[in-house]
Amino acid sequence: MGISDVIPVPVAVDEEIEKWTIFGQPVAEVWFTTTQKIHEIIEMGPIKNIFNWGRKNSIYFLMQPMGCCGVEMFVFGAAPYDSDRFGCIPRNTPRQTDVMIISGYITRKYLPVFKSLWEQMPEPKWCVAIGECAISGGPFYDSYNIIQNTADYFPIDVFIPGCPPRPEQFLEGLINLQEKIKQRKDKRGY
Amino acid sequence: MTTASEVLSSLQSTFPGAVLESRVESDRRLWATIDSAKLLDVCKYLRDKLNFDHYSGAGGLDWIARKEMEVVEIMASHGSHQVVAMLKVKTPRDNPSVPSLAGLFWNANWYEREAWEMFGINFEGHPEPYPLLLGEDLVGVWPWRKDFKGYPDLTTGQRAVERINPQGYMQYYIPPTPAEIEAGTVPKERPKYPSLREREERDIKSDSEMIMHMGPQHAMVPGPFLLDVLVEGERVKKAYLDLGYIHKGIEKIMENRTWLQGITYTDRMCYVASLSNNECYCGAVEKILGLEVPERAQYIRVILEELSRIQSHLIGTGEFLTLIAGVGYAPWQYMIIDRESIISLIESVTGARLTHTFVRFGGVRNDLPEGFAEKCRPVMDYMRSRINEFIALFEQDPIYHLRMDNVGSITPETGKRMGASGPVLRATGVAYDMRKEDPILLYPDLDFKVITGTKGDCHDRIDVRLREILESIHIIEQCLDRIPAGPIKTEAKIPKKIPAGEAYYRVEDPRGEMGMYVVSDGGDKPYRVKVRGPFYATFQTLPPLLEGVYIADVVAIAGSMDGCPSEADR
Amino acid sequence: MDGIIESITQFATQEPGLFALIIGIVGAAVISGVVNIGAMFVIWGERKVLGDFAGRYGPNRVGGRWGILQLGADAIKFFTKEDIIPTKADKAVYVWAPIVASMATMLVAAAIPFGALHINGKDYPLVVANMDISAFYVEAALSLMSIAIFMAGYSSNNKYSMLGAFRGIARMIAYEVPMGICVIAVAIMAHSLNLVEIVQSQTLWYAFAQPLGFVIFLIALITDLGRIPFDQSEAEEEIISGYNTEYSGIRFGLLYFQEYISALLGSILLTLLFLGGWQGPIIPIPILDIISPLIWLFMKVVIVLWFFVWVRSSLFRLRIDQVTDLGWKWMLPLSLLNLGWAVLIGSYFA
């Protein structure tokens with residue numbers, strides 16, 4: 001469609017308006033746009049960068065200590081290795097968190113609980129796996145009760161190896177997640 | 001003071017023919033095989049006449065070559081004497097059945113449930129034979145038997161199937177491994193712990209009651225467990241407890257790793273105080289081998305274990321303070337900052353912050369670095385002044401007393417009957433400390449007190465832990481003064497295949513009495529390792545304690561037990 | 001400057017209705033902007049000061065060394081989250097609860113003076129609606145937040161939210177009465193319920209003239225705002241975030257911000273009633289002498305808010321039955337005692 005379909009304008013003006021673009025989309029099309037078009041503009045343009053800047057700088061994680069790495073998670077949120085510097089504070093309810101930290105072994109009994117916690121979290125959400133047990137079962141890889149392939153159940157963005165990793169490695173993992181969000185390379189494609 | 005041989009002769013004279021085999025290992029250890037028909041009478045006699053009032057644990061064993069199963073009952077005493085009696089009961093493998101001691105000893109309940117679900121041993125007369133650690137799809141396969149086909153299982157997660165269970169919740173059903181299906185050992189009928197809807201229908205009597213979840217995802221203790229409370233308004237009427245959410249099967253895995261590799265697994269049981277776990281395992285193997293640990297290694301072990309105790313108490317107390325004060329509470333962060341200095345001391349020796357794997361059979365892995373004593377002493381002085389500050393801070397805080405006094409009180413008799421140990425029992429006034437009851441390493445030569453409380457409520461438990469830190473500082477300073485030069489490992493060569501034998505070794509974990517029963521059959525892998533964890537016993541005391549309290553107190557009581565569900569679940 | 005004031009006062013006397021309408025519209029826009037930005041700074045300040053008490057830094061990466069833009073990032077994140085409404089929740093009440101919360105705080109902000117401009121020896125108070133009973137109205141409107149808490153807790157179809165809602169109502173009812181009695185005691189000594197006149201009549205600060213009333217009002221205010229040691233309706237470890245357990249995204253952001261907006265407005269009320277409001281010596285520098293009452297009010301409010309954060313990081317949380325015990329058995333009789341004291345002293349000083 002063009003402007004002249006709605007308002008009678010001279011042809012020269014019409015042709016001029018056809019050339020204007022906004023955020024890479026022709027203005028004439030944006031004029032008669034749908035929600036889909038607005039969505040596309042936000043996806044492509046600098047507005048998304050602002051959204052991602054906001055999301056990466058205020059990551060709330062779910063307070064859920066599971067294994068040995070859970071103790072290091074407490075220390076990570078507290079004084080010496082302060083994660084509040086990066087805007088990252090622990091919350092108790094999954095509805096208000098962005099990141100699910102898998103800090104330990106997932107067993108058969110716990111898997112459905114964990115999955116329902118993950119599904120209660122609102123989008124956009126990310127997942128970080130800490131420690132060997134969360135990545136591949138760790139030293140308990142051949143146990144009858146441990147889930148070895150956590151990456152098949154949750155879309156994990158950052159794997160932090162170690163048994164257990166130091167809290168500085170947690171911070172490095174957090175910064176890597178922030179980089180991923182900024183460059184829109186995360187698994188869910190936000 | 002009774003000794004093991006006196007106990008044995010008393011048993012043999014009172015019950016002729018009940019004791020089938022016996023072995024007196026030392027003044028404090030008695031091994032006896034009891035006829036299963038007379039087990040109840042023997043245990044009653046031991047409890048009433050010979051003061052064996054502490055039922056320490058029970059474990060099952062599968063002697064597949066001899067076609068029989070064995071249950072080992074560990075009995076001890078709360079301070080009347082120091083004898084530990086290990087009573088074994090044999091039963092045929094086809095239809096294993098042993099009389100249940102749950103009527104005599106209140107805390108035998110969970111040990112027998114676990115032995116049933118792992119081995120299939122039927123305990124006659126047990127009040128609630130529900131599974132404890134295993135989920136629904138594993139009950140009935142008896143995982144710890146030697147012919148369990150589902151281990152090693154490298155594809156557990158890949159076989160999971162999503163389905164909606166009858167109550168309407170999404171569930172992952174993991175079908176048996178192909179090897180199990182081929183062997184034909186998959187049972188059809190599976191009993192299970194009653195689900196939420198079943199409990200609601202059974203127990204809710206009026207419209208103003210509801211069942212509220214306070215787990216498995218919670219911030220009370222570092223590890224998931226299910227705690228549901230039936231509340232009316234703000235008062236709790238009944239509490240339900242279920243474990244198994246981080247059951248890794250360590251005891252089964254250790255049977256398939258060599259002796260040296262097993263030390264890494266003991267770390268991951270109670271990860272907050274992993275050096276005590278290492279010590280327990282290595283001590284048991286040293287007993288089987290009959291090794292002597294050189295003196296310098298003993299000093300290093302004691303110093304590091306006391307340092308580990310200090311940092312475990314600090315994080316346990318600090319974590320508890322956030323439960324009653326919110327995350328913004330400042331002294332919990334001070335405790336974490338102080339704990340960092342202790343952790344860097346331990347790290348300079350062992351190389352790791354949390355899971356150390358430092359103790360070896362017959363010694364330790366490294367020597368202390370240069371200048372360790374010069375770094376350690378200022379830290380100890382600083383810690384002493386800080387802990388005194390913390391004790392004074394909590395004493396003068398009126399809201400602390402409002403929240404903690406007379407909350408979750410345990411009388412000494414109840415504590416002993418429920419099988420608690422560690423700071424939980426010492427806060428009630430019973431002076432029961434493994435370092436005095438069953439002294440290992442250097443503890444007979446060191447001078448320290450056993451700290452007790454008076455009332456057994458939350459306030460006393462925290463107080464006992466803080467003052468125990470002061471005692472540990474005193475012990476470390478004594479050791480640093482007297483540590484000799486010398487070898488850190490025994491000169492004898494440790495064989496790859498440990499000769500056949502068995503041993504039971506007890507240490508004082510920061511959470512209580514920890515014991516390991518290790519059986520070797522002459523191979524290069526353990527035949528059976530049974531862990532008697534402290535928090536397993538203390539955990540059992542939680543549901544009766546929580547009746548009639550407010551919801552806010554539930555969190556205070558559960559947190560003040562300072563537990564590690566990973567050690568209960570193994 | 002004088003000419004502008006002349007013409008404004010002339011317009012105000014000639015068309016009082018239109019003047020009030022214009023002040024209302026302009027004031028509403030300005031005040032809601034100021035109050036929201038102010039709440040952002042209150043939250044930022046709380047995180048930094050909590051970190052300082054605990055021996056760590058608060059936010060210091062976002063927006064420079066001081067982390068000023070941290071709350072901007074939080075707000076953007078809340079805006080762009082998915083909107084989840086539980087299936088069995090009471091939809092209308094669920095959606096309206098955060099809106100009622102912001103209505104409550106805006107109602108307070110409409111009547112509370114935010115300071116004064118000192119022009120030519122006269123103080124012109126900055127207030128949108130200068131009511132004659134504004135002290136009583138502000139104190140009552142501060143408690144409308146409890147309706148929003150109850151709506152949020154009831155409609156979420158969640159056991160934790162319901163417990164949080166009940167606890168919120170219990171503590172509100174117990175502490176509104178002592179708070180109101182303390183306000184009346186101050187009004188008796190000031191001979192007026194208008195907040196502007198209360199400030200102007202404080203030759204001796206009422207914190208010193210009625211110390212018992214000051215302490216009771218302070219404790220009741222901390223309870224009203226739902227801060228530790230009285231935050232049982234939002235106790236994180238026991239009932240998993242209480243009344244706002246099921247809220248996510250911008251709805252949670254609104255509820256979260258309203259808590260801190262009422263903290264800001266409550267501390268302004270405390271300063272106006274007890275700490276002399278915007279009174280203070282005039283700074284003799286040309287521009288600063290016009291806004292010097294604002295500066296004094298700002299400093300006093302900052303000290304009161306810092307005190308609230310200090311209390312948060314040092315005290316334990318009380319149990320709900322201990323909170324209601326304290327309210328009915330101790331605060332109510334003491335506030336009546338304070339009322340008697342105010343009547344005696346007020347008649348002496350009159």
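Two residues are taken to be in contact if their C-beta atoms, placed from the backbone, lie within 7 Å. Helices (H or I, at least four residues) and strands (E, at least two) are DSSP runs, numbered from the N terminus. The structure is a predicted model, in which local features need pLDDT of at least 70, side-chain atom pairs count only at pLDDT 80 or more, and totals for chains, interfaces and linings use all residues. Residues are numbered from 1 along each chain as its sequence is written, and chains are lettered from A and ligands numbered from 1 in the order in which they are written.

In chain C, helix 2 meets helix 13. C:Val42, C:Gly45, C:Glu46, C:Val49 and C:Leu50 in helix 2 touch C:Leu305, C:Trp306 and C:Val309 in helix 13. By class, this contact has six nonpolar, one polar and one charged residues. Here Ala, Val, Leu, Ile, Met, Phe, Trp, Tyr, Cys and Pro count as nonpolar, Asp, Glu, Lys and Arg as charged, and the others, Gly among them, as polar. The axes of helix 2 (residues 16-53) and helix 13 (residues 288-312) of chain C come within 10 Å and cross at roughly 50 degrees. Axes are lines fitted to C-alpha atoms, for helices over the stretch in contact, and angles run from 0 to 180 degrees between N-to-C directions. The two helices of chain C are therefore oblique to each other; angles under 35 degrees count as roughly parallel, over 145 as roughly antiparallel, 65 to 115 as roughly perpendicular and the rest as oblique.

Chain B holds an open sheet of three strands in the order 15-16-17, with antiparallel pairing. Two strands pair if DSSP finds at least two bridges between them. Strand 15 (501-509) and strand 17 (528-532) are the edge strands, each pairing on one side only. Neighbouring strands of this sheet are turned by 15 degrees against each other on average, direction ignored. Strand 15 and strand 16 (residues 512-520) of chain B pair over nine bridges. B:Val507 has B:Met514 in strand 16 as its bridge partner. Helix 8 (residues 274-289) of chain B lies across strands 15 and 16, at about 150 degrees to strand 15.

Chain B also touches chain A. In this interface, 42 residues of chain B are in contact with 40 residues of chain A. Helix 10 of chain B gives the most to the chain B side, with four residues. That side has 21 nonpolar, 15 polar and six charged residues. Chain A itself has eight helices and seven strands.
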